[in-house]
Amino acid sequence: MRHSGRDRRKGEEQTMNQLERTLAIIKPDSFAGGHTGEILAMIEAAGFRILGMRMTRLSKAQAQGFYDVHRGKPFFAGLVEFMTEGPVVVLALERENAIKAWRDLMGATNPAGAAEGTIRKKFGTAIDRNAVHGSDAPETAAYELGFFFSGADLA
Ligand code: CMP
């Protein structure tokens, strides 16, 4: 069957604006500071669908495993210490272009350089206490979503 021009255009649009998933963490600093509710509101206002959400406290081994790509870097031990200091909220988010959209909403890794209106500008206090985490690429998102959620959770 031949597709009409309209159908084809619709198809192209769907490929360009693929629904994507990303892993977000509300880190111990923002959780302890009582900013979880406001961060969740910002996430929803930005059009993300919350597919999964769980409050947890990371063990040292879990934090090391999650941040395995940073093993060996000078800030690794401090990062693990920080991520295990208190509860976190882990989220599986879905939206068109979710990975970039969530990174844009978070702002720059270093809150000092984060744009006005971003979560890290609002709640981050230092590069190693920067309020939230987000996956940086599709491969990382797949690893990080699988780290905290099972396929059945996100079906
Ligand atoms: P996140 O997006 O969770 O990914 C790795 C984290 O390492 C990063 O946020 C920072 O909070 C933390 N970090 C600590 N020191 C540094 C640094 N010098 N450069 C980059 N990331 C750092």
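How far is an oxygen atom of the ligand from an N or O atom in the side chain of His 133? In this predicted model, the separation is 2.9 Å. That pair is a polar contact, meaning N or O atoms within 3.5 Å of each other. Tyr 67 brings a polar side-chain atom to 2.6 Å from a ligand oxygen, and for the side chain of Asn 130 the distance is 3.1 Å. The protein buries 77% of the 450 Å² that the ligand exposes when taken alone (areas by the Shrake-Rupley method with a 1.4 Å probe).

Around the ligand (heavy atoms within 4 Å) stand eleven residues by name: Lys 27, Tyr 67, His 70, Phe 75, Leu 79, Thr 109, Arg 120, Ile 127, Asp 128, Asn 130 and His 133.

Elsewhere, the structure holds six salt bridges (a Lys or Arg side-chain nitrogen within 4 Å of an Asp or Glu carboxyl oxygen). One of them joins Glu 38 to Lys 122, with the closest N and O atoms 2.6 Å apart. Because Glu 38 belongs to helix α3 (residues 36–45) and Lys 122 to helix α7 (residues 119–123), this pair ties together parts 84 residues apart in sequence (helices are DSSP runs, H or I, of at least four residues).

Residues are numbered from 1 along each chain as its sequence is written. Local features need pLDDT of at least 70 and side-chain atom pairs 80 or more, while totals for chains, interfaces and linings use all residues, and side-chain values use heavy atoms, without hydrogens or water.

Notes: Polar contact = N/O pair within 3.5 Å; in protein donor to acceptor, adjacent residues only side chain to side chain. Helix = DSSP H or I, 4+ residues; strand = E, 2+ residues; numbered from the N terminus.
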